[in-house]
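Please consult the sequence and the structure shown below while reading.

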Amino acid sequence: MPQRSSQPGRAPDRSHRPHRVVAVVDENTNPFELGCAIEVFGLRRPEIGRELYDFALCAPEPRILMRDGFFTLTGVAGLAAADTADTVIVPHRPDVEVPRRPALLDAIRRAHARGARLVSFCTGAFTLAEAGVLDGRRATTHWQWADAFRARFPAVHLEPDVLFVDDGEILTAAGSAAALDLGLHLVRRDHGAEIANTVSRRLVFAAHRDGGQRQFVDRPVPRVPDESLAPLLAWAQEHLDGPLAVLDLAARAAVSPATLHRRFRAQLGTTPLAWLTGERIALACRLIERGESRLDVVARRSGLGTAAHLRTLMRRETGLTPSAYRRRFGPASDEGRAVPRATRRFT
């Protein structure tokens, strides 16, 4: 089930400087999630032809010992760097019972007060909650710490089973690989589906997993190789423009609809219909980004049927009408070259 933002989108920043992302590193930070942030926001993308983000690290001390003493990080900026960030990624640590530094919490509160976007990976939600910026909001964290989170922060609406939650200017991801899901979601939100697909190809990672998918699946590695959904998904993606329905997917896989539903839940953490709709919306967005202005053509080629249906689903799933999406991400869009400070969620 999609996790849509309940917050209205803000007007984009039309300056032509890259969106500045600052990741805060603290003692015992997990290197994996930090690596995800660097991979998505910090690396240059020469194949895209422009700089997507201005990325930096900062820390409360000049020397930061990473998780379990694996290595020490030095040479990064101080916490003042977060005061100029458009997006601040907060620290993620396994020692959730240890209070965060007051200076770090103050930096988060300042960023929130001036309208910066706040992002947490894994247990970083504890950091946001301790700073008091999650009260009354939806959030998620790693399922292993869900009970501890609820006990400490009852004012936060925790959604423990999803990959990530986009609550407008505050976004939270569950553990480990969900950091990549949320990172790519932000790239889609900032730059559109086409750019996000390019980044995902570099990562050799799924271009889109909806935030509402479960954090873990019943059977991540199929017991029987022939039960893998990969061939069926590849075939379906080549036939999105046709009258493709769940019954057609089941027939192609030579299983009953009920069996297909169980396999989607087990292997993808979603339903066949939700997956199919998401793929069609993503295709429609790519067509608009590539310059197709006729909504009836976009609707037909993406399998969404009519322009009216396309408008309804795009508004529901992206928070934007097709015309607004075209203005923002179309080939002639100024915003295709500039980066918005904060926008509604793209699914």
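This is a predicted model: local features need pLDDT of at least 70, side-chain atom pairs count only at pLDDT 80 or more; totals for chains, interfaces and linings use all residues.

In soluble globular proteins, nonpolar side chains tend to be buried together. The largest nonpolar core here comprises 36 residues, and those with the most contacts inside it are Phe41, Ile89, Phe121, Leu182 and Val199. At least two residues of this core come from each of several elements, including strand 1 (19–24), helix 1 (31–42), strand 2 (53–58), strand 6 (117–121), strand 10 (170–173) and helix 6 (193–203). The largest share, 7 residues, is supplied by helix 5.

Ile89 illustrates the packing in this region. Setting aside neighbours within four places in sequence, Ile89 is in contact with Val21, Val22, Ala23, Val24, Ala37, Phe41, Val119 and Phe121.

**Helix 5**

Helix 5 covers residues 178–191. Its 14 residues, at 1.5 Å a residue, should span 20 Å, and the C-alpha atoms at its ends are 20 Å apart, which agrees. Because 14 of its 14 residues are buried, helix 5 is largely enclosed by the rest of the structure. Gly192 follows helix 5 and has a positive phi, near 95°.

**Aromatic pairs**

A pair of aromatic rings is described by the distance of the centres and the angle of the planes. Across the whole structure, a search finds 6 aromatic pairs. Two of them are set out here.

| Pair | Centre to centre | Angle between planes | Class |
|---|---|---|---|
| Phe126 and Phe153 | 6.0 Å | 75° | edge-to-face |
| Tyr325 and Phe329 | 4.8 Å | 55° | tilted |

What does the pair of Phe126 and Phe153 tie together? Phe126 lies in helix 3 (residues 124–131), whereas Phe153 lies in the loop between helix 4 (146–152) and strand 8 (157–158), so the pair links parts that are 27 residues apart in sequence. Phe126 and Phe153 are both buried. Together with Phe149, Phe126 and Phe153 form one aromatic cluster.

The pair of Tyr325 and Phe329 lies within helix 13 (residues 322–329). Because Tyr325 and Phe329 are 4 residues apart in that helix, about one helical turn separates them. An α-helix has 3.6 residues a turn, so residues three or four places apart point the same way. Tyr325 and Phe329 are both buried.

Notes. Residues are numbered from 1 along each chain as its sequence is written. Side-chain values use heavy atoms; hydrogens and water are left out. The expected span of a helix is 1.5 Å times one less than its number of residues. Buried means under 20% relative accessible area, exposed over 50%, partly exposed in between (1.4 Å probe, protein chains only). Rings of Phe, Tyr and Trp (its six-membered ring) pair if their centres lie within 6.5 Å; planes under 30 degrees apart count as stacked, over 60 as edge-to-face and the rest as tilted. A nonpolar core is a set of buried Ala, Val, Leu, Ile, Met, Phe, Trp, Tyr and Cys residues joined through side-chain atoms within 4.5 Å. Contact means heavy atoms within 4.5 Å.
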